[in-house]
Amino acid sequence: MNIALSKLWQRLVQTARLSCGVPDYDVYVAHLRTHHPERKIPTYAEFFRERQTARYKGTGGRCC
Amino acid sequence: METVATKPIGVGSKIVWALIAIIGACCLAVVALRRGEPVNAIWIVAASIAVFLIGYRFYGRFIENYVLRMDPGRAPPSVLRNDGLDYVPTDKWVVFGHHFAAIAGAGPLVGPVLAAQMGYLPGTLWILFGVVFAGAVQDFMVLGLSVRRDARSLGHMLREELGPLAGVVAMFGLLALMMIVLAVLALVVVKALTHSPWGTFSVACTIPIALLMGVYLRWFRPGRILEVSIIGLVLLISSIAYGAHIAATPDLAAFFDFDAKSLAWLLIAYGFFASVLPVWLLLAPRDYLSTFLKIGTILLLAIAIFFAAPQLQMPAVSRFIDGTGPVFQGQLFPFLFITIACGSVSGWHSIIASGTTPKLLSNEGEARMVGYGGMLMEAFVAIMALIAATSLHPGVYFSMNSPAALIGTTPEHAAAVISQWGFVVTPDELTRTAHDIGETSILSRAGGAPTLAVGMAQLLHSILPGERMMAFWYHYAILFEALFILTTVDAGTRVGRFMIQEIAGLVHEPLKSTESWLGNVLATSICVALWGYFLYQGAVDPLGGINTLWPLFGIANQMLAAIALMLATVVTVKLKRQRYVLVPGIPAIWLIVCTLTAGWEKLSGSISFTAAAQNYTQALQAGQLLAPAKNVAQMQQIITNNRVDATLTGLFMLLVLTMCAFSVYAMIKAWRSSVPTAHEAPRIALSSVVSQAS
């Protein structure tokens with residue numbers, strides 16, 4: 001029950017953050033670790049600032 | 001040919017769906033056929049839910065299996081291009097929530113309120129059937145197409161499938177649409193705050209609150225969105241509560257008491273600064289607040305309607321379907337269909353369905369839930385707004401939504417005029433409503449937001465009674481609408497600024513740099529001037545602005561929807577699935593017919609911009625002054641405004657026709673070809689990618 005609730009809460013937080021243009025930090029860190037081990041892992045604050053700026057850049061896709 | 005796998009329907013599920021269909025049909029029959037006695041809103045809610053469920057289960061699945069042929073075994077862009085940031089395979093409920101938060105805006109709340117002048121039935125039917133056969137089809141199909149094309153944008157897909165020129169034409173239309181959207185939405189705020197010190201104070205407070213949140217997020221607790229949003233919310237609620245004190249103290253109230261013109265200028269200045277300043281300071285924190293408040297308020301409205309279960313006081317069909325309505329002019333066809341845009345079908349969604357959402361979808365099999373289902377949710381919001389507006393006393397509704405040119409500026413005069421229309425109301429009722437919501441007057445507060453706010457306040461008050469609570473709820477509703485409209489205005493101004501800097505960069509390279517202060521200020525000024533012009537025009541308009549500008553907004557929005565549906569139609573043919581061409585084809589044709597007819601009536605005829613310009617020109621030549629112009633210069637201004645509006649309408653029509661021509665040309669070519677010619681990315685099996693990654 002507790003696990004289900006905490007999972008639901010996580011999903012809600014993830015949805016809320018995504019709606020503000022901030023994707024899941026843990027997923028990004030995991031992605032960096034697996035695919036780009038040479039890159040420096042940003043702190044959550046750095047990650048957040050970068051995403052905040054990126055959201056209001058208007059159109060324009062980016063790729064890693 | 002690909003084969004379509006469909007599971008046979010079990011007996012139990014057949015019975016359940018038959019029951020839903022019967023219940024839905026009964027509810028719809030009550031809504032449509034009962035005359036003379038008030039209908040309870042619950043009938044509309046139940047009918048809507050049944051229609052949405054059936055549409056989702058049957059028509060949505062039909063499109064999924066036969067038209068788009070969504071393939072759960074195919075790797076989507078989020079998997080193929082996973083970068084952990086923009087392209088991330090995400091849980092379907094999270095994608096759904098994000099998509100809904102992105103498409104839900106002021107549109108579905110405002111349009112149905114304006115359309116309520118024709119009674120509750122026309123709006124209800126158009127929302128229900130419009131969304132199932134047009135709106136949700138558009139959102140779902142654009143999402144499906146984008147997922148098959150590396151999550152490309154609408155503009156990109158148009159260039160690819162219809163040719164480069166078509167792409168350029170559509171982008172021009174998009175910029176024009178955006179400027180009109182910003183102006184009209186800003187005008188809704190102006191109408192809501194005119195001579196309302198309480199409302200103006202609480203909306204003004206959002207600026208220092210946002211600044212505070214911005215600083216907090218930047219320096220004290222980086223990235224703690226939830227925490228800072230709760231702080232922001234508490235401050236906002238306090239500002240609403242303190243607003244009552246401001247309104248009650250004449251010395252303080254004077255600081256926040258503005259006419260429409262001054263408010264328009266303030267908003268223009270605000271849009272400029274919000275877009276020039278660093279985003280973290282003002283724009284982003286407001287965005288967070290408004291996103292959460294938006295979802296919270298929609299939930300609140302749903303709860304209020306379910307518990308209050310109001311009777312609808314507006315007649316099913318009012319006499320104003322003949323085109324003589326005070327809220328907007330024009331007959332049921334085509335004007336109902338452009339007045340309720342978002343909620344039934346909204347071109348704006350095609351931008352989002354081909355923006356972030358397709359980059360997040362973890363499986364093609366989830367596209368129906370997000371695309372089709374998300375739009376059904378939006379339609380439900382529109383239905384709720386319609387209920388809130390039609391459960392008001394019609395006399396109150398018309399006094400709020402009719403321009404002063406028709407009903408005058410005193411409750412006595414307004415009540416007399418509106419009673420003559422057949423909606424009997426006493427001056428006392430109008431004054432009391434104003435008093436209940438803590439305002440001095442409710443007359444001519446057009447634009448939908450104040451009406452919805454009164455409706456919401458009455459519903460919430462009926463389930464949570466308390467002294468002065470109605471005034472609180474009214475200002476809460478006004479604040480939330482103003483907040484998310486202003487967020488659209490500043491974010492939109494910023495996007496517009498980048499578009500303009502792109503264009504300016506072609507002329508003088510350094511202007512393109514988004515770091516350049518000169519380029520930044522210059523492009524923002526141009527962008528603000530473009531929408532500011534229409535906003536100011538609306539603020540001084542003799543018919544209250546909304547009356548004039550909303551049709552322009554509706555035409556532009558439906559034009560974009562028509563373009564998106566034309567793209568879907570062309571691609572269906574290009575995939576050689578032409579037997580299903582009518583699925584996107586019929587709504588596309590319907591929207592083309594509606595926008596062109598509405599456009600034509602706005603160009604020539606009694607309710608056109610041209611006729612208005614002519615009226616003022618003739619009066620000017622005869623040496624007369626027509627209200628609200630007080631001198632010759634203002635007369636000239638009104639003539640110019642109407643000519644600009646007429647020109648813009650003409651351009652929109654030309655744009656639709658051009659895109660039509662491009663589509664027909666592309667379709668004929670594709671029809672003749674014996675092989676599929678659509679630009680789909682090659683299929684890569686999901687299993688092959690997933691096993692590689694792990």
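Which residues line the largest cavity? Keep in mind that this is a predicted model. Chain A supplies A:Gln14, A:Leu18, A:Pro23, A:Asp24 and A:Val27 to that lining, and chain B supplies B:Leu85, B:Val88, B:Thr90 and B:Leu360. The space inside comes to about 60 Å³. Searching the whole structure turns up five cavities of 30 Å³ or more.

Now hop from B:Thr90, one of the lining residues, to B:Glu366, which is in contact with it. Beyond its neighbours within four places in sequence, B:Glu366 also touches B:Lys92 and B:Leu361. You'll find B:Glu366 in the loop that links helix H16 (357-360) to helix H17 (367-390) of chain B. This glutamate is buried, but it has no salt bridge. The nearest side chain of opposite charge belongs to B:Lys92, 5.4 Å away, and a salt bridge would need the charged atoms within 4 Å.

Helix H1 (2-19) of chain A gives two or more residues to the lining, as do helix H4 (92-103), helix H10 (225-248), helix H13 (283-308) and H17 of chain B. H13(B) gives the most, with ten residues.

Finally, zoom out along chain B. An unreviewed UniProt entry lists residues 40-598 as "domain: CstA N-terminal". That span is 74% helix and 0% strand, and its end C-alpha atoms lie 33 Å apart.

How values were computed: Residues numbered from 1 in each chain as written. Chains lettered and ligands numbered in written order. Predicted model: local features only at pLDDT ≥ 70, side-chain atom pairs only at ≥ 80, totals over all residues. Heavy atoms only, no water. UniProt positions renumbered as here; feature names shortened; annotations may be inferred. Helix = DSSP H or I, 4+ residues; strand = E, 2+ residues; numbered from the N terminus. Buried < 20%, exposed > 50% of the residue type's maximum accessible area, 1.4 Å probe, protein only. Lys, Arg positive; Asp, Glu negative; His and termini not counted. Contact = heavy atoms within 4.5 Å. 1 Å grid on protein atoms, 1.4 Å probe; cavity = no way out; pocket = protein on both sides within 12 Å on 5 of 7 lines; lining within 4 Å. Points joined across faces, edges and corners; volume = space filled by probe spheres on them.
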